Every structure is written in C-alpha cells, then in structure tokens.
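Q: Can you walk me through this one? Keep it short, please.
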Amino acid sequence: MYIAQRLSDFFEKFSNNIEFAFLVIISILAFSVLYYYLIKFLLDNNSGIVVAVFGFVTVIAGGIVICNERIGGTIFLLVPSLFVVVVVALYSVELKRLIWTRKNMRLLDVKHGDGSFYDEEKIQTCITEIIKALQDMSKNDMGAIIVLSTDNVPSQILDSGIALNSDISSELIESVFFPKTPLHDGAMIISGTKIVAAGCFLPLSQDMDKIPKDLGTRHRAGIGVTETIDVVSLIVSEETGIISIARAGKITRYADAVMLKQILSKYYWQELEGIKK
Amino acid sequence: MNKEFNRAQSESNDNKTKSKNFWKQFGLICLAVVLAVITVFIINL
C-alpha cells in the first residue's frame, strides 16, 4: 500500500506540475544517454557481467529505497555515480584509447604542408612496399615490429629511437631490421607515407593471460603499444618468421598477404578490394 | 555458378548481420531507457 501511495503521488505531481514533468523527461533522456554509452562501452569490452551486476544492484537498491519511508529518493543517485566511478577505475586504459581514437583524423584528409592531399598512387606504393618488406623478412626469419600510427604516438616513444622522416621502401625497412644493425632491435614507426622513426622502445603488454606463452618480448611490445594508443602493430617473429597483427591489445597470428593488404588499406582509409593492380 | 552462389551467400550473411546488429542496438536502447526511467522515478520519490 505504501508503494502504491508513493506511485500515485508521483504520477499526480507529474500530471499537475509542468515544470516537474519537463525536468523528469530531461532527466530520463540524460540518464538514457549515459546508460546507453556506458553499457555499450562495457559490452564492447566483453564485460557483460559488469552490466548484469549493475542491473542487479539497481533493482536491490531501488527496492530498498521504495520500501523504506525514512530513505529519501536522492540517495539513489549514489548508484549511477558509483557505476561511473567503477567503470572509469576498471577501464582507464580502454577509455584512454577511446578518447585518443576520437582525436584521429582520416589519414586521407590530412594535407601536406603545400596544401595537397595524399596521393592515392603513393599510398598504393606504400602498401606494396610494406607488404614486400614483411614477406621478405618473414622468409629470412628477421624479427621486426612496424607500428602504423596517425601522428598519435607519444613523443617519449619517438624520442627513444632515431628520427628518419623518410619515404617508405621495402629496401629501407629490411635494412633497418637486418640483424646486428644499430636500429634492428626497436620498433619502426610509420605515419602516413613516411617512416617517422626506428629503433624506438615500446611499452610491454601487462596482460600476461591473453598473450600465448610462446610469444616473446617483441610480440609483447607490439601488443603493449596497441593497448593504450590506437595504432596497429605488424610483427615478424625472428624464431618462426610468422607475421602477426596486433590491435587494441589483441593479436592475430599467421597474417597472409590478403590480411596485410586489408589492414593497410583500412589504415590508409581506402577500399582497395576489387581494384586490380 | 560457384561465384554467384558465394556472392548470394555473402549477401545473405551480410543481411543477417545487419538485422542482428539492428536488434542489438534496439535492445540496448530499450535497456538504457528502462534503467533511466527507474532511476529518475526512484530519485523523485
């Protein structure tokens, strides 16, 4: 009866007071948007269990507030507030990556200093050269990490290596990663149609559970950099010659020429499927 | 013949994926709205 009374009071107030009704509708819209993006973010990060726990806590807390006369409704605000705080605390790395992704421009929209845009033919050449270099290094069991970035690599990573600012060619890439050369041990950073730097040190992945035990430090570095920055890592194993692709903390092994072309095309924001050479 | 079959199969799979995504989005929006209504209702009691 008490619950029915509270319900009745609420609807009476909603019907008689336009200002209150407007406030309620705006609040519902605001909370809907908040909950939509929070739940979508959690589901995209395979955390359905957190959504279920939140739903359960909402129902229990709501029941307690409704049934208890002495508890005011405003204390229920703690539930969504705590939800946001928990999500930010548990998923700070993923949130950081999401924020950095929003800042990235389409690579093809980036103008050169002289006002011209990237040339499609040049991009095709870059893709071909990178794939050729990866396949040659794979054949010869030369270890390599190439990071595809959109000018979003932190300066401390770039500064740890040697700036090259050169055009992309398979010969240069293979020369850099040739064993016992000074720059062969670090990562190469590519941004657009330029090799920005080589010999760079990357942060290692801290997630030991997801990485197969047979992968070494090179792969951990290739994965680790993708956990915090929206970049793609192309890794060639020194032991097996296997080419792997890492993105958003996940690794796909045994990448072939088709997969590499898809990844590189996507990186350069072009649809190249069906285009004959 | 095989190419046509594969293309039709691929289109059918695309349509199924689009439909699945639509219902997933719809479910997500409904869940968000329901939780929002419950939250606002309880806060204003």
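A: Terms first: helices (H or I, at least four residues) and strands (E, at least two) are DSSP runs, numbered from the N terminus. By that rule, chain B has 1 helix and 0 strands. This is a predicted model, where local features need pLDDT of at least 70, side-chain atom pairs count only at pLDDT 80 or more, and totals for chains, interfaces and linings use all residues. Residues are numbered from 1 along each chain as its sequence is written, while chains are lettered from A and ligands numbered from 1 in the order in which they are written.

Q: What share of chain B is buried?
A: Buried residues are 18% of its 45 residues. Buried means 20 or more other C-beta atoms within 10 Å of the residue's own, with C-beta atoms placed from the backbone.

Q: Over to chain A. Which residues of α8 are buried?
A: A:I173, A:V176 and A:F177, in a helix that spans residues 170–177. They line one face of α8(A), because they fall within an arc of 90 degrees seen down its axis. That arc is taken from the directions from the helix axis to the C-beta atoms.

Q: What covers them?
A: The cover includes α6 (120–139), β1 (144–149), β3 (187–191) and β4 (194–200) of chain A.

Q: New topic: where is A:I251?
A: A:I251 sits in strand β7 (residues 250–252) of chain A. A:I251 is buried, with 21 other C-beta atoms within 10 Å.

Q: And what does A:I251 touch?
A: Leaving out residues up to four places away in sequence, A:I251 touches A:H219, A:I223, A:S244 and A:A246. Contact means C-beta atoms, placed from the backbone, within 7 Å.

Notes:
A residue is buried if 20 or more other C-beta atoms lie within 10 Å of its own, exposed if 12 or fewer, and partly exposed in between; C-beta atoms are placed from the backbone. Two residues are in contact if their C-beta atoms, placed from the backbone, lie within 7 Å.
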